[in-house]
Amino acid sequence: MGGVGEPGPREGPAQPGAPLPTFCWEQIRAHDQPGDKWLVIERRVYDISRWAQRHPGGSRLIGHHGAEDATAQSWCLQHDLGHASIFKKSWWNHVAQKFVMGQLKGFSAHWWNFRHFQHHAKPNIFHKDPDVTVAPVFLLGESSVEYGKKKRRYLPYNQQHLYFFLIGPPLLTLVNFEVENLAYMLVCMQWADLLWAASFYARFFLSYLPFYGVPGVLLFFVAVRVLESHWFVWITQMNHIPKEIGHEKHRDWVSSQLAATCNVEPSLFTNWFSGHLNFQIEHHLFPRMPRHNYSRVAPLVKSLCAKHGLSYEVKPFLTALVDIVRSLKKSGDIWLDAYLHQ
């Protein structure tokens, strides 16, 4: 999807009976430059230059699919609250998300969608998935060799699996998300989201100030954010960090999702504690599916992957958690080797 169209008048899809334009991927990718945007669906070419600016996921998300066919990709971009799986009408999902993210969490719904839509569209792809674009603090996947060869040493990356415990799970929500969220609302002028977030802080401090005083409320707020951050990092990254991370490979939809995700063995505790995100493969393939249905479709997805020779990885819960640290250590060792010897 995307890519720049040929110079000249812009036309819609071919008329009934007219021959459809056929391009090879090399021809389409040759026009993957800033400017016009074209959408290719089942060999039909559409001019979406204006529509991309109004797309709910934003023009950046559309741009991530530059020079690719969109036949199986454009359907997943509408998920919001619960990936639009709670209410039948999308409007109710939008309203509920604004309330939950703003009043109950103190974050911008638009900011979260901006991040999360990109993650689902291009999981584990540098500069397209914000969740793995974490250099120079942490080096993941292909960035380890790149930083090593270029002799970049901003931090002792061979020890990143250790300082991860100090600045990763404890500070992601408390520091990174808070700053990024506020900056997004101000830069993008999301004033309604800013009011929602302000209502959270007003309610939080007014509710606890009479009991704990200013120092106590601040300490309580930090404790809540740190606890929340630990859960968020471990649960969301156990399915992604140990998988392939790197630059764009222009894979088909299913292959790109399977390369970046894995499942964690289900149990009553794991299903509850992870919010069914242990079925991460199904979650990425069907982002609008209600989570209680993941276990029903998982055998079908596994069978389909086996039929087509695709990897369907499932691991124990504790192994998945440990693999995050192992992956960080492996990336750090690769960086050190490239730094010293390449």
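Q: Is Phe 164 buried or exposed?
A: The class follows relative accessible area (buried under 20%, exposed over 50%, partly exposed in between; 1.4 Å probe, protein chains only). Phe 164, with a relative accessible area of 6%, is buried. This is a predicted model: local features need pLDDT of at least 70, side-chain atom pairs count only at pLDDT 80 or more, and totals for chains, interfaces and linings use all residues. Residues are numbered from 1 along each chain as its sequence is written, and side-chain values use heavy atoms, with hydrogens and water left out.

Q: How many aromatic pairs does the structure hold?
A: Rings of Phe, Tyr and Trp (its six-membered ring) pair if their centres lie within 6.5 Å; planes under 30 degrees apart are stacked, over 60 edge-to-face, the rest tilted. The structure holds 33 aromatic pairs. Among them, Phe 164 and Phe 165 are edge-to-face because their planes stand at 75°, with ring centres 5.7 Å apart. The pair of Trp 272 and Phe 273 is tilted, since the planes stand at 45°, with centres 6.0 Å apart.

Q: How accessible are the other members of these two pairs?
A: Phe 165 is partly exposed at 42%, as is Phe 273 at 30%. Trp 272 is exposed, at 63%.

Q: Which residues form one aromatic cluster?
A: The cluster consists of Phe 200, Tyr 201, Phe 204, Phe 205, Tyr 208, Phe 211, Tyr 212, Phe 220 and Phe 221.

Q: Which ring does the charged end of Arg 152 sit over?
A: A charge sits over a ring if NZ of Lys or CZ of Arg is within 6 Å of the ring centre and within 35 degrees of the ring normal. The charged end of Arg 152 sits over the ring of Tyr 147, 5.2 Å from its centre. Lys 151 lies over the face of Tyr 339, with 5.7 Å to the ring centre.

Q: How many disulfides does a search of the whole structure find?
A: A disulfide is a covalent bond between the sulfur atoms of two cysteines. With the criterion of a pair of cysteine sulfur atoms within 2.5 Å, the search finds zero disulfides. Cys 188 is partly exposed, at 35% relative accessible area, whereas Cys 305 is buried, at 4%.
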